[in-house]
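Open the structure in your viewer and keep the selection panel at hand. We will start with the overall picture and then go from stop to stop.

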Amino acid sequence: MASFTVEGQEALDREVKPFGSGGAHITIPKRWLGADVKVVRTSEPAEPEE
């Protein structure tokens, strides 16, 4: 696993949710609109259920 050092204002811990027919998203606070953000995956994705 890689290690990153990031300086910032706030941090969130969220789960990625499915979106549409092949994408995914996370939600962030509305007050973050217009801000630059970084997203770091911290675990392996779960296996899709069949």
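## The whole chain

Show the surface first: the protein exposes about 5,500 Å², and carbon and sulfur atoms supply 51% of that area. Accessible areas come from the Shrake-Rupley method with a 1.4 Å probe, and for residues only the protein chains shown count as cover. Please keep in mind that this is a predicted model, where local features need pLDDT of at least 70, side-chain atom pairs count only at pLDDT 80 or more, and totals for chains, interfaces and linings use all residues. Residues are numbered from 1 along each chain as its sequence is written, and side-chain values use heavy atoms, with hydrogens and water left out.

Now switch to a C-alpha trace. Taken along the principal axes, the C-alpha atoms fill a box of roughly 40 × 30 × 15 Å. The radius of gyration of the protein is 13 Å, whereas a compact globule of 50 residues would have one near 10 Å. That radius is taken over C-alpha atoms, and the globule rule is 2.2 Å times the number of residues to the power 0.38.

How many of the 50 residues count as buried? The share is 4%, where buried means under 20% relative accessible area, exposed means over 50%, and partly exposed lies in between (1.4 Å probe, protein chains only).

A cartoon view shows two strands and zero helices. Both kinds of element are DSSP runs numbered from the N terminus: helices are H or I with at least four residues, strands are E with at least two.

## Colour by charge

Next, colour the charged side chains. There are 6 positive and 9 negative ones, and the centres of the two sets lie 10 Å apart. Lys and Arg count as positive and Asp and Glu as negative, while His and the chain ends are not counted. Each charge is placed at NZ of Lys, CZ of Arg, CG of Asp or CD of Glu.

A search of the whole structure finds three salt bridges, each a side-chain nitrogen of Lys or Arg within 4 Å of a carboxyl oxygen of Asp or Glu. Let us visit them in turn.

## Stop one: Arg31 and Glu10

Select Arg31 and Glu10, whose side chains meet in a salt bridge with an N to O distance of 2.7 Å. Arg31 counts as exposed because its relative accessibility is 61%, whereas Glu10, at 43%, is partly exposed.

## Stop two: Lys17 and Glu15

Move on to Lys17, which forms a salt bridge with Glu15; their closest N and O atoms are 4.0 Å apart. Lys17 sits in strand β1, and Glu15 is in the segment before β1. Is Lys17 exposed or only partly exposed? Its relative accessibility is 44%, so Lys17 counts as partly exposed. Glu15 is exposed, with a relative accessible area of 58%.

From Lys17 to Thr27, ten residues apart in sequence, the separation in space is 9.0 Å. From Glu15 to Ser3, twelve residues apart along the chain, the separation is 20 Å.

## Stop three: Arg41 and Glu44

The next selection is Glu44 with Arg41, a salt bridge in which the closest N and O atoms are 3.8 Å apart. Glu44 counts as exposed at 66% relative accessibility, and Arg41 is exposed at 58%. Arg41 lies in the segment after β2. Draw a line from Arg41 to Val16: they are 25 residues apart in sequence, and their C-alpha atoms are 9.5 Å apart.

## Last stop: a nonpolar patch

Finally, select Leu12, Val16, Ile26, Ile28, Val37 and Val39. Together they form a nonpolar patch on the surface with about 500 Å² of accessible area. Patches are made of residues with over 30% relative accessible area and no salt bridge; like charges are joined within 9 Å, and nonpolar side chains (Val, Leu, Ile, Met, Phe, Trp, Tyr) within 5 Å.

Zoom in on Val37, in the segment after β2 (23–25). Val37 counts as partly exposed because its relative accessibility is 45%.
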